[in-house]
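Biologist: I'd like to learn how to read a model like this one, feature by feature. Could you walk me through it?

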Amino acid sequence: MSTTEAPIADNGVNVAHLLGARQALTDAPDAAQFQWRARCEWLRGTHSRTTIDTYSGLGQEHMHRQSFAIDADHPEIFASEDNGATPTEIVLAALASCLTAGVATVATHRCVQLRAVTATLQANMDLQGILGIDGDVRNGFDAITVTYDVDADASKADIEAIVAQSQKRSAVFDIVTNPTTVTVQVV
């Protein structure tokens, strides 16, 4: 009698740990309440730096292993110094990284070995809105297109299903595509 091992994929995602965490949070839903934080400081002109280091979840405060900083600015064509990506480009990066993390996780869970994954995002925007030229023009993106190029041990249909599942579970996709209450206040 011979035994065959189930196929595994090593995409760098500990799916067993994630499934264990999922079960633990199913059993204790209050622990699933997280608060993500970012602190932004104006530097000069349109240049700012956002620092990310603490968050809360599982009923306690946490610190990342290191503090992360994201510089944002506007291009020189807008009379700025171009010291960082624009805030709209940072939104695209957040969407791309969230979806891509999901692709790696879902692929690993489905025992699909990835060799390469590239997401290319494009978003169209009419600046007449944010510049106050035309009040009928939206300030934000008109549309976002995400295109994946995935090299994996899987059929195109399987890869499409992996990407679709990633989209379904992506927090940033949800944030971008659904209304979110945002409260702005001055202290």
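Predicted model: local features only at pLDDT ≥ 70, side-chain atom pairs only at ≥ 80, totals over all residues.

Biologist: Okay. How many helices and strands are there in the chain?

Modeller: Elements are DSSP runs numbered from the N terminus: helices are H or I with at least four residues, strands are E with at least two. Here the chain has four helices and six strands. Read from the N terminus, they go α-β-β-β-β-α-β-β-α-α.

Biologist: And what is the radius of gyration of the chain, next to that of a compact globule?

Modeller: The radius is taken over C-alpha atoms, and the globule rule is 2.2 Å times the number of residues to the power 0.38. For 187 residues a compact globule would come out near 16 Å, but this chain has 20 Å. The C-alpha trace spans about 75 × 40 × 30 Å along its principal axes.

Biologist: What share of the residues counts as buried?

Modeller: Buried means under 20% relative accessible area, exposed means over 50%, and partly exposed is in between, using a 1.4 Å probe and protein chains only. In this chain, 21% of the 187 residues count as buried. For the total surface, areas come from the Shrake-Rupley method with a 1.4 Å probe, and for residues only the protein chains shown count as cover. The accessible surface is about 13600 Å², with 53% of that belonging to carbon and sulfur atoms.

Biologist: On to pockets. What is the volume of the largest pocket?

Modeller: The search runs on a 1 Å grid over the protein atoms alone: a cavity is a set of points where a 1.4 Å probe fits but cannot get out, a pocket is an open set with protein on both sides within 12 Å along at least five of seven lines, and lining residues have an atom within 4 Å of a point. Points are joined across faces, edges and corners, and the volume is the space filled by probe spheres set on the points. The largest pocket has about 1200 Å³. Its lining has 25 residues, with L18, A21, R22, T105 and R169 nearest the centre. The elements giving two or more residues to that lining are α1 (15–27), β4 (60–72), α2 (87–109) and α3 (156–169).

Biologist: How does that lining divide by class?

Modeller: Ala, Val, Leu, Ile, Met, Phe, Trp, Tyr, Cys and Pro count as nonpolar, Asp, Glu, Lys and Arg as charged, and the others, Gly among them, as polar. The largest pocket's lining has 14 nonpolar, eight polar and three charged residues.

Biologist: And the second largest pocket?

Modeller: The second largest pocket holds about 930 Å³. It is lined by 23 residues, and W36, I52, A94, V172 and I175 lie nearest its centre. Two or more lining residues come from each of β3 (47–57), β4, α2 and α4 (171–177), and β3 gives the largest share, five residues. By class, the lining has 17 nonpolar, five polar and one charged.

Biologist: Now single residues. Is V103 buried or exposed?

Modeller: V103, in helix α2, has a relative accessible area of 1%, so it counts as buried. Beyond residues up to four places away in sequence, V103 touches L114, V117, Y148, I162, V163 and S166.

Biologist: And T88, which is also on my list?

Modeller: T88 sits in helix α2 and is partly exposed at 31%.

Biologist: Which backbone angles deserve a look?

Modeller: Phi of L58 is near 55°, a positive value in a residue other than glycine; L58 is in the loop between β3 and β4. D82 also has phi near 55°, and its loop runs between β4 and α2.

Terms used: Residues numbered from 1 in each chain as written. Heavy atoms only, no water. Contact = heavy atoms within 4.5 Å.
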